Amino acid sequence: MTQALTLARPYARAAFQLAREAGRAADWSQALAFAARVAADPQAHALLGHPQLGEADAVALLAPDGADDTFKRFLGLLVSNHRAALLPEVAGLYEDLRAEADRVVNARVTSASELPVSELESIKAALKRRFGREVEVSTAVDPTLIGGAVIDAGDVVIDGSLRGKLARLQTQLAQ
C-alpha cells in the first residue's frame, strides 16, 4: 500500500459519504475525475504548490463549472491541508467505494489487439457469474502481450496473455 493511498483513503471516504448524503454520487464522480485530471497536470501541479496561490484560487482551478458548494468546501479542505496532489488517488478510491456500494465490479481487459464486442460480452458474462455482481468493463490495447488478454478486476488478475503464458513456461523450464 503506497503512502499516497493511505493518505487519500480518509478523504475518499469523506467525499463518498458527503456525496451519498446529498444524493449526488454520480455528480461527485465526474467532479472528482475533473479535479484529479487538473491536479495531475504538471503545469497545474506546479501552480497548486505555489505559496502565493490562495485557497479560493486553487479551488477555482480544481472545481469544474457548476460544482456544488459542498464539493468546493471539500476541495478547500484538501488544499488547506496541502493534499491537492492526492486528488487522483482520492478519485480512484472514491470510485472503488461507489462501485462497492452499487455492487458493481470494474474490470479492465487489456488485449494484444482490439477485441470484438461479442468476446467482450462473453468476458463480461463470465465475470458476472464469478463475482455475482454487475460488471463494468473498460478496455485497453497492449501489443506487447503478443496475444490473449489480461483481465484486472479489483483483487483478481487473470493473465491469459501469450506473454504471460511464455513467462510461466520459462519459469517451469528453469526449475
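Predicted model: local features only at pLDDT ≥ 70, side-chain atom pairs only at ≥ 80, totals over all residues.
Is Ala167 buried, partly exposed or exposed, judged by its relative accessibility? At 38% relative accessibility, Ala167 counts as partly exposed, because the partly exposed class lies between under 20% for buried and over 50% for exposed.

**Nonpolar cores**

- The largest nonpolar core has 32 residues, and those with the most contacts inside it are Leu32, Leu62, Leu75 and Leu87.
- At least two residues of this core come from each of the helices α1 (3-22), α2 (25-40), α4 (55-62), α5 (69-80) and α6 (87-101), and α2 gives the most to it, with eight residues.
- If neighbours within four places in sequence are left aside, Leu62 is in contact with Phe34, Ala35, Val38, Ala39, Leu48, Leu75, Val79, Ala84 and Leu87.
- Another core, of eleven residues, lies apart from the largest one, and among its residues are Ala107, Leu120, Ile123 and Ala153.

**Helices α1 and α2**

- The helices α1 and α2 pack with their axes 8 Å apart and at an angle of about 140°, and they are therefore oblique to each other, since an angle has to be over 145 degrees to count as roughly antiparallel.
- In this packing, Ala15, Leu18 and Ala19 of α1 meet Ala25, Trp28 and Leu32 of α2.
- Sorted by class, the contact of α1 with α2 has six nonpolar residues, no polar residues and no charged residues.

**Helices α2 and α6**

- Between α2 and α6 the packing angle is about 155°, and the axes are 8 Å apart; that angle makes α2 roughly antiparallel to α6, because it falls in the class over 145 degrees.
- The crossing of α2 and α6 is a left-handed one.
- On the side of α2, the contact is made by Ala25, Ala26, Trp28, Ser29, Leu32, Ala33, Ala35, Ala36, Ala39 and Ala40, while on the side of α6 it is made by Leu87, Pro88, Val90, Ala91, Tyr94, Glu95 and Arg98.
- By class, 14 nonpolar residues, one polar residue and two charged residues take part in the contact of α2 with α6.

**Helices α4 and α5**

- For α4 and α5 the axes are 9 Å apart and the helices pack at an angle of about 120°, which makes α4 oblique to α5, given that the roughly perpendicular class covers 65 to 115 degrees.
- The crossing in which α4 passes α5 is right-handed.
- From α4 the contact takes in Glu55, Ala58, Val59 and Leu62, and from α5 it takes in Lys72, Leu75, Gly76, Val79 and Ser80.
- The contact of α4 with α5 has, by class, five nonpolar, two polar and two charged residues.

**Residues with a positive phi**

- Arg103, although it is not a glycine, has a positive phi of about 55°; its place is in the loop between α6 and β1, and it is partly exposed, with a relative accessible area of 44%.
- Ile146 is a residue other than glycine with a positive phi, near 70°; it lies in the loop between β2 (134-141) and β3 (149-153), and it is exposed, with a relative accessible area of 52%.

**Other single residues**

- Ser111 is found in strand β1 (residues 104-111), where it is buried, with a relative accessible area of 3%.
- Leaving aside neighbours within four places in sequence, Ser111 is in contact with Ala140, Val141, Asp142, Leu145, Gly148 and Ala149.
- Arg20 lies in helix α1 and is exposed, with a relative accessible area of 52%; the C-alpha atoms of Arg20 and Gln3, which are 17 residues apart along the chain, are separated by 26 Å.

Terms used:
Residues numbered from 1 in each chain as written. Heavy atoms only, no water. Core = buried A, V, L, I, M, F, W, Y, C linked by side-chain atoms within 4.5 Å. Buried < 20%, exposed > 50% of the residue type's maximum accessible area, 1.4 Å probe, protein only. Helix = DSSP H or I, 4+ residues; strand = E, 2+ residues; numbered from the N terminus. Contact = heavy atoms within 4.5 Å. Axes fitted to C-alpha atoms, helices over the stretch in contact; angles between N-to-C directions. Parallel < 35°, antiparallel > 145°, perpendicular 65-115°, else oblique. Left-handed = near helix turned anticlockwise from the far one by under 90°. Nonpolar A, V, L, I, M, F, W, Y, C, P; charged D, E, K, R; others polar.
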